[in-house]
Amino acid sequence: MTALKESSVKARGQVEYAAVSKSYGGTVAVDCIDLKIPAATYCCLLGPSGCGKTTTLRMLAGHEAVTSGDIIIDNVNVTDLPPAKRGTAMMFQSYALFPHLSCLDNVAFSLKMRGVDKKVRRAKALELLTLVNMAQYAERRPAQLSGGQQQRVALARALITEPQILLLDEPLSALDPFLRVKMRAELRRLQKELGISFVHVTHGQDEAMALADLIVVMNGGKIEQFGPPREVFNAPKTEFVAKFMGGHNILPSDSGPIAVRTDLTTLRPITLGSNSELTATIRSMEYQGTHFHVVLAAPNLPELTALVGEQAFYATPFQPGDHVAVSWNPADVHRLEPLDRRV
């Protein structure tokens with residue numbers, strides 16, 4: 001893997017979106033976003049379907065034209081460059097492997113199109129298959145592989161051109177939960193080893209938090225918030241981010257909505273003269289192994305949830321229909337910004 005190691009000495013893949021918009025007729029898919037992704041960063045574009053995250057990725061790849069604004073990669077304005085001139089490579093959700101070619105020839109295909117000598121391109125393809133632990137399957141065809149193995153081949157094929165940035169469009173969505181977790185670790189390992197940026201589209205909060213150095217939460221074509229995973233989860237700026245990231249209750253207050261993490265919310269049985277932030281009725285409970293996920297109903301409030309540790313729950317067990325006092329530490333309250341503060 002000499003060539004790959006040499007190419008990863010210097011961190012690559014700095015990206016800047018400068019006032020970038022994309023419209024389809026009268027519909028705005030991406031609305032004047034500004035974003036800087038440092039070199040060698042694992043960035044996850046996170047949000048619900050239709051939020052603009054895939055369009056944002058495709059504009060970076062050059063597969064969608066920018067309506068207005070500029071895209072800059074490593075200080076070069078690539079807005080009007082074709083995909084092959086941008087130093088990016090795309091790994092598609094469907095993997096898009098050629099069924100009639102072996103794994104080795106699938107990986108080597110782009111070098112074949114560039115006129116690279118057969119011996120040279122096949123040697124490099126084997127190098128990449130080794131990198132993703134698929135060398136032993138080099139002569140198999142895609143139909144003879146599992147979904148996870150096909151994904152590894154697609155990943156090797158995307159990396160063979162030594163891109164500055166690897167673009168991933170929901171690459172884990174077709175995998176079962178166990179394999180998804182395993183592949184997350186593989187993607188993270190590869191990104192660190194190669195020293196390039198990965199820009200990864202997902203609608204999975206757990207996936208983004210497990211992988212990303214930088215999470216970009218999108219909604220309605222705009223960026224609601226971006227930052228390190230811990231910051232975005234623990235200090236959501238808007239009600240949308242708090243709800244979408246999960247793990248928070250949103251409550252009204254005199255100065256605007258507040259967020260309280262569900263794992264910091266405590267429950268106790270109602271007692272005479274109980275002093276609590278509020279009282280609620282347990283609507284349902286789910287056992288999650290290390291904790292119980294408790295759903296609560298309170299007058300004039302949206303549905304609330306609380307995570308109660310297994311040991312604490314069995315010390316004071318609850319049942320659906322029980323009335324409980326709900327409280328939290330005031331220091332754990334996080335005030336939210338209005339929607340018009342989106343970036």
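This text walks through the helix packing and then the pockets and cavities of one predicted model.

Residues are numbered from 1 along each chain as its sequence is written, and side-chain values use heavy atoms, without hydrogens or water. Because the model is predicted, local features need pLDDT of at least 70 and side-chain atom pairs count only at pLDDT 80 or more, while totals for chains, interfaces and linings use all residues.

Two packed helices are described by the angle between their axes and the distance between the axes. Axes are lines fitted to C-alpha atoms, for helices over the stretch in contact, and angles run from 0 to 180 degrees between N-to-C directions.

The axes of helix 5 and helix 3 (residues 103–113) come within 7 Å and cross at roughly 25 degrees. Helix 3 and helix 5 are therefore roughly parallel; angles under 35 degrees count as roughly parallel, over 145 as roughly antiparallel, 65 to 115 as roughly perpendicular and the rest as oblique. This crossing of helix 3 and helix 5 is right-handed, a term used if the near helix is turned clockwise from the far one by less than a right angle, with anticlockwise giving left-handed. Cys103, Asn106 and Val107 of helix 3 meet Val153, Ala156 and Arg157 of helix 5, where contact means heavy atoms within 4.5 Å. Sorted by class, the contact of helix 3 with helix 5 has four nonpolar, one polar and one charged residues. In this scheme Ala, Val, Leu, Ile, Met, Phe, Trp, Tyr, Cys and Pro count as nonpolar, Asp, Glu, Lys and Arg as charged, and the others, Gly among them, as polar.

Helix 4 (residues 118–131) packs on helix 5 at an angle of about 130 degrees, with the axes 9 Å apart, which makes helix 4 oblique to helix 5. Leu128, Leu129 and Leu131 of helix 4 meet Val153, Ala156 and Leu159 of helix 5. This contact of helix 4 with helix 5 has six nonpolar, no polar and no charged residues.

Helix 6 (residues 177–194) and helix 5 have axes that come within 11 Å and cross at roughly 20 degrees, so helix 5 is roughly parallel to helix 6. The residues of their contact divide into seven nonpolar, two polar and three charged.

On a 1 Å grid over the protein atoms alone, a cavity is a set of points where a 1.4 Å probe fits but cannot get out, and a pocket is an open set with protein on both sides within 12 Å along at least five of seven lines; lining residues have an atom within 4 Å of a point. Grid points are joined across faces, edges and corners, and a volume is the space filled by probe spheres set on the points.

The largest pocket has a volume of about 570 Å³. Of its 25 lining residues, Thr88, Ala89, Met90, Ser110 and Thr161 are the closest to its centre. Strand 6 (88–91), helix 3 and helix 5 each supply at least two residues of this lining.

The second largest pocket has a volume of about 240 Å³. Seven polar, four nonpolar and three charged residues line this second largest pocket.

The whole structure holds two cavities of 30 Å³ or more. The second largest cavity has about 30 Å³ of space, and its lining has five nonpolar, two polar and no charged residues.

Conventions
Helices (H or I, at least four residues) and strands (E, at least two) are DSSP runs, numbered from the N terminus.
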